[in-house]
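My notes start after the model.

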Protein chains: 2
Amino acid sequence: VNAEIVAVGSELLTPFHQDTNSLFLSERLASIGISVIYKTIAGDDRRLLTAAVRTALARADILILTGGLGPTQDDMTRECVAEALGRQVQSDPELITELYKRFAARRMKVPENNARQAEVIEGAEVLRNPRGSAPGQFLEVEVGGQPRYILLLPGPPWEMEPLFDAEGLPRLIAHAPRRHIATAMVKLAMVPESAADERAAKIYKRFPGVQTTILASAGEVRFYLRAQAPTQAEAEDAVDQLSALLEEEFAGEVFATGDETLEQIVGYYLQMREATVAVAESCTGGLLAERLTRVAGSSRYFVGGAVAYSNEMKTKFCEVPPMLIAEKGAVSREVAQAMAEGIREHCWATYGIGITGIAGPSGGTEEKPVGLVFIALADGTKTGIVERRFPGDRARIRHFATQQALEMLRRRLV
Amino acid sequence: VNAEIVAVGSELLTPFHQDTNSLFLSERLASIGISVIYKTIAGDDRRLLTAAVRTALARADILILTGGLGPTQDDMTRECVAEALGRQVQSDPELITELYKRFAARRMKVPENNARQAEVIEGAEVLRNPRGSAPGQFLEVEVGGQPRYILLLPGPPWEMEPLFDAEGLPRLIAHAPRRHIATAMVKLAMVPESAADERAAKIYKRFPGVQTTILASAGEVRFYLRAQAPTQAEAEDAVDQLSALLEEEFAGEVFATGDETLEQIVGYYLQMREATVAVAESCTGGLLAERLTRVAGSSRYFVGGAVAYSNEMKTKFCEVPPMLIAEKGAVSREVAQAMAEGIREHCWATYGIGITGIAGPSGGTEEKPVGLVFIALADGTKTGIVERRFPGDRARIRHFATQQALEMLRRRLV
């Protein structure tokens, strides 16, 4: 059983907007064994949208449309699906009554256009939308002798997502052949993608039934595992076994096997150890503090941070001796160490982190090129310092540096 | 003249990846008067991709395909376009020679698969790709008596974008009817979208020939203007007139009429005035410093920042009297002011900014609810303080607060 997702809206054909609903939908569909074979984006044009619906019905078992269910003249998903099927739309008396009640409660007249939202395609089931005034619709039809399932959903994600889960998914499950699918995620920090892939390949080739996807971003690699089997237990077993072997192979490098971010994991460990952290940043300009404090409740373990961009501030905020900067340069092993130790003492924290480097695009020299970053982690007894040369542009170098810092702290805490 | 963009790649049908090339392409196409009527995402499946090409050729004048030009068996865009057209692919001897030379220079054998990248659809023009080994291809064909233009481009954006600009765009311009199009952008900070829209509506209804799009994010509204006219001068005139009236209406609120971000604009002004800034952040946790230092060269005007999450750090980094915090609370007008003034003195900066608030999700009270933020700007003579109640989640509240701070500084500098 396969599906096509059609995102409706002229704004989705401009350079400014993008369909993101299909990411949510394809995740949910994958979880019940339905694969997405096409995604189409169509504008608010009656002829073109009707044609897109016809094309989709000819090539996919399930058609999910998002958007175009609002009250304006531009919202024509209902009419176009009806037209493609050779059916009519009809005003649903119950929906009309509800609409009048809702507006009456707010002492308002129903705007003429709004009645459009009560129009239902002949033969469609109405799916109540608790978060908005546009209900969804579900249809079972036959096209060329083949059964087809059509789902119309509103465009705004906060309406579409709960409506799909509550009303759409159960209807699709009822019509899709029962599949048993299990998934798992294994996340690593600061392992290069190619190295991670090579080390994982020899493990996952022993599990031909498990589909593995490797996803990489600056300083992070995720393995996404997915298995389909005759029983749920078998599917989960296959995924669990592979996941356990990957965790064994990457032992200390795995930071999470779920949705948690690296900064969340670091936060958990700090709380568990009743420890605190303070940071002193030069080239990352506050990004490390910002990532740590993205996590709700981080005030329990994040004490404070200094963005010491100038040499004077390195001295003022984290007591780096001016002589040391003069001697070794602001971007040096020694200054990173002094920043980490200085901010730790200055903030009375368990751990202190210091970052100094050259984020570019300018300011690099042959000896100290763009991308060179020193990261130090102090705990009062010893200070670990790493020197790294990160690739990419300013934003990527800054992200890499904070990722490295978080990973150093995580490993110290484990 | 209209176009369909087909993004090729099974990964683009998963929950983890999204086609972004079409945003770039639709912007470029709009600039030459070509509208995108459909976007399709298809996987690496010979039958399904060939069908998608046939469908696109039946409904659009121009077909642009991105991706699927690599050397692996999964890369089948060339074969599928050829099959849809009933043509063959042929090995291009020149491309083969180049391939051998390139590998010989690196003392490597050409892997068997790589020869696939030298395959050219019968009748296609080869478009040299300086950034990768997969060349683009361009074809003019007839489908059902209609002229069709087909462009095959590599998937990675850093290869696709320059190749499209250098080779694709000129070919499309040559075949598209000459249109005269002008565009402009007007950007405002901290004006609510609905208010901006209402004030702008009465102006832009006087320019029915100019298409206006309003784009909004947390604390930012952008008007995108686009006019098409018989001559370039007329198009530019219409856009310029409307843009000038919008700038007049929103006078002090317009921060840019181009691509510049608010933090870049603030940076320009600071440099122009030979001024510097230092920031003390509580609830924004370093985000303001991070935004200011995203800009290359910001070390010329950004002195330093303190992330003073705990009360002790507010005293230590920005000399906020502990008595004041005890009396007024950490989230208060007075503490924001003391932070701004304290960090300014501490860092010997021209301007000091202090932010304190409740980013949530917890920590709010009836008196001081989640979203309440105080932002202060000190310049040594007077300190301006605003109290705001921002909507949304933690990330949105933090972004709003930094946007407000940057906008306050911009207005002080103008």
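Below are my entries on the pocket, then on the helix pair.

**Ground rules.** This is a predicted model, where local features need pLDDT of at least 70, side-chain atom pairs count only at pLDDT 80 or more, and totals for chains, interfaces and linings use all residues. Residues are numbered from 1 along each chain as its sequence is written, and chains are lettered from A in the order in which they are written.

I looked up the second largest pocket and got a volume of about 1,200 Å³. A pocket is an open set of points on a 1 Å grid where a 1.4 Å probe fits, with protein on both sides within 12 Å along at least five of seven lines; lining residues have an atom within 4 Å of a point. Of its 40 lining residues, A:Glu11, A:Leu12, A:His17, A:Gly155 and A:Pro156 are the closest to the centre. Strand S1 (2–8) and helix H5 (157–175) of chain A give two or more residues to the lining, as do helix H6 (193–204) and strand S10 (210–217) of chain B. Helices (H or I, at least four residues) and strands (E, at least two) are DSSP runs. I found that S10(B) gives the most, 7 residues.

**Helix pair.** Next I checked helix H2 (residues 46–59) of chain A against helix H2 (residues 46–59) of chain B: they pack at about 160 degrees, axes 12 Å apart. So H2(A) is roughly antiparallel to H2(B) (angles over 145 degrees count as that). Which residues make the contact? I noted A:Ala52, A:Thr55 and A:Arg59 on H2(A), and B:Ala52, B:Thr55 and B:Arg59 on H2(B), with contact meaning heavy atoms within 4.5 Å.

Technical notes
Heavy atoms only, no water. Points joined across faces, edges and corners; volume = space filled by probe spheres on them. Axes fitted to C-alpha atoms, helices over the stretch in contact; angles between N-to-C directions. Parallel < 35°, antiparallel > 145°, perpendicular 65-115°, else oblique.
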